Amino acid sequence: MKSKFFTDRGKIRNHNEDSGGIYHNRYGQFLAIIADGMGGHKAGDVASQMATTLIKEKWEQSNQLQTPDEIENWLRDSIQEMNKALFEYASNNEECQGMGTTIVIAICTDEFITIAHVGDSRCYLVNENGFNQLTEDHSLVNALVQSGQITKEDAQHHPRKNVVLKAVGTEEYVESDIRSLEWDSGNILLLCTDGLTDKLTDDELGERIQSQQDMEEKGQQLIHLANELGGEDNISLILVQHDVPQEEGEIPC
């Protein structure tokens, strides 16, 4: 499994409130996380870093998880523990009151992937059906789209498009969306913050993710394009590619 984490401060903000990472547990199982902190200078940094660190530590000590049900239950419990830790920290530290973070997490095995998210950070999958979004934003504009009050095109330019309806750490309890699905050799996952998706449409993202460039080139180009289009927000993404089976006699690099 190939993977790479990219993050950039953007062109306007003077600090990066995004966090993320790629981690393996004691059994070599794979987890990727992206977190987009909110709550102003320092607080957003604290929230996203806490979320990433907590899930890293918990994953590295986890037991081997075999089935989608086991992984989904682990994620549900872990996100609630994360939420409680952030909520209590914010309650006990005045400068961090109101802080929170979006999260999107992918746990990948050879046979299936399990995706969990809270907020408007997203996960996309490239497979035989093309390039498709796996997550539904917990945002005001997405709620308006789903209720038929505005179109997806309207949502791209809505003045309140960055308003999230739930995040980790802002309330005593948070419910995450979790799903599992099969994936195959050659499939690609994209996890990303809204610093990327606010600037590039799904068609533009899909075109670049499915290009023949290598993973490093794809990630750097996406960061560059988001910055060229304004770069008002921090930009973070993780690319994960399911290994293509080697041909018989092929020597691994």
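User: Okay, two strands count as paired if DSSP finds at least two bridges between them. With that settled, through how many residues does a hairpin join strand 6 to strand 7?

Analyst: This is a predicted model, and in it the hairpin that leads from strand 6 to strand 7 has 2 residues as its link. Strand 6 covers residues 122-127 and strand 7 covers residues 130-133, and they pair in the antiparallel sense over 4 bridges.

User: And which residue is the bridge partner of tyrosine 124 in strand 7?

Analyst: That is glutamine 133, which is the bridge partner of tyrosine 124 on the strand 7 side. The ring of tyrosine 124 also forms an aromatic pair with phenylalanine 131, and this pair is stacked, with 4.7 Å centre to centre and 10° between the planes.

User: Why does tyrosine 124 count as buried?

Analyst: Tyrosine 124 counts as buried because its relative accessibility is 0%, and the cut-off for that word is under 20%. Phenylalanine 131 counts as buried as well, because its relative accessibility is 14%.

User: How many aromatic pairs turn up in a search of the whole structure?

Analyst: The search of the whole structure finds 2 aromatic pairs. One of them is formed by tryptophan 59 and tryptophan 74, and it is edge-to-face, with 5.0 Å centre to centre and 70° between the planes. This pair links distant parts of the chain, since tryptophan 59 lies in helix 1 and tryptophan 74 in helix 2 (residues 68-92), 15 residues apart.

User: Are tryptophan 59 and tryptophan 74 buried or exposed?

Analyst: Both tryptophan 59 and tryptophan 74 are buried.

User: New topic, the open sheet: in what order do its strands come?

Analyst: The open sheet has 5 strands in the order 2-3-4-5-8, and their pairing is antiparallel. Strand 2 (18-24) and strand 8 (177-182) are the edge strands, and each of them pairs on one side only. On average, neighbouring strands of this sheet are turned by 10° against each other, if direction is ignored.

User: Which strands does helix 1 touch where it packs on the sheet?

Analyst: Helix 1 (residues 43-60) touches strand 2, strand 3 (30-38) and strand 4 (100-108), and its direction makes about 165° with that of strand 3.

User: What about strand 5 and strand 8, over how many bridges do they pair?

Analyst: Strand 5 (residues 112-118) and strand 8 pair over 6 bridges in the antiparallel sense, and within strand 8 it is isoleucine 178 that stands opposite alanine 116.

User: Now the helices: at what angle do helix 6 and helix 7 pack?

Analyst: Helix 6 (residues 202-209) and helix 7 (residues 215-228) pack at about 150°, with their axes 10 Å apart. Angles over 145 degrees count as roughly antiparallel, and therefore helix 6 and helix 7 are roughly antiparallel to each other. The contact is made by Leu205, Arg208 and Ile209 of helix 6 together with Lys218, Gln221, Leu222 and Leu225 of helix 7.

User: Last one, where is glycine 231?

Analyst: Glycine 231 sits in the loop between helix 7 and strand 10 (235-241), and it counts as buried because its relative accessibility is 2%. Leaving aside residues up to four places away in sequence, glycine 231 touches Gly10, Lys11, Ile12, Lys199 and Ala226.

Terms used. Residues numbered from 1 in each chain as written. Predicted model: local features only at pLDDT ≥ 70, side-chain atom pairs only at ≥ 80, totals over all residues. Heavy atoms only, no water. Axes fitted to C-alpha atoms, helices over the stretch in contact; angles between N-to-C directions. Contact = heavy atoms within 4.5 Å. Phe/Tyr/Trp six-rings, centres within 6.5 Å; stacked < 30°, edge-to-face > 60°. Buried < 20%, exposed > 50% of the residue type's maximum accessible area, 1.4 Å probe, protein only. Parallel < 35°, antiparallel > 145°, perpendicular 65-115°, else oblique.
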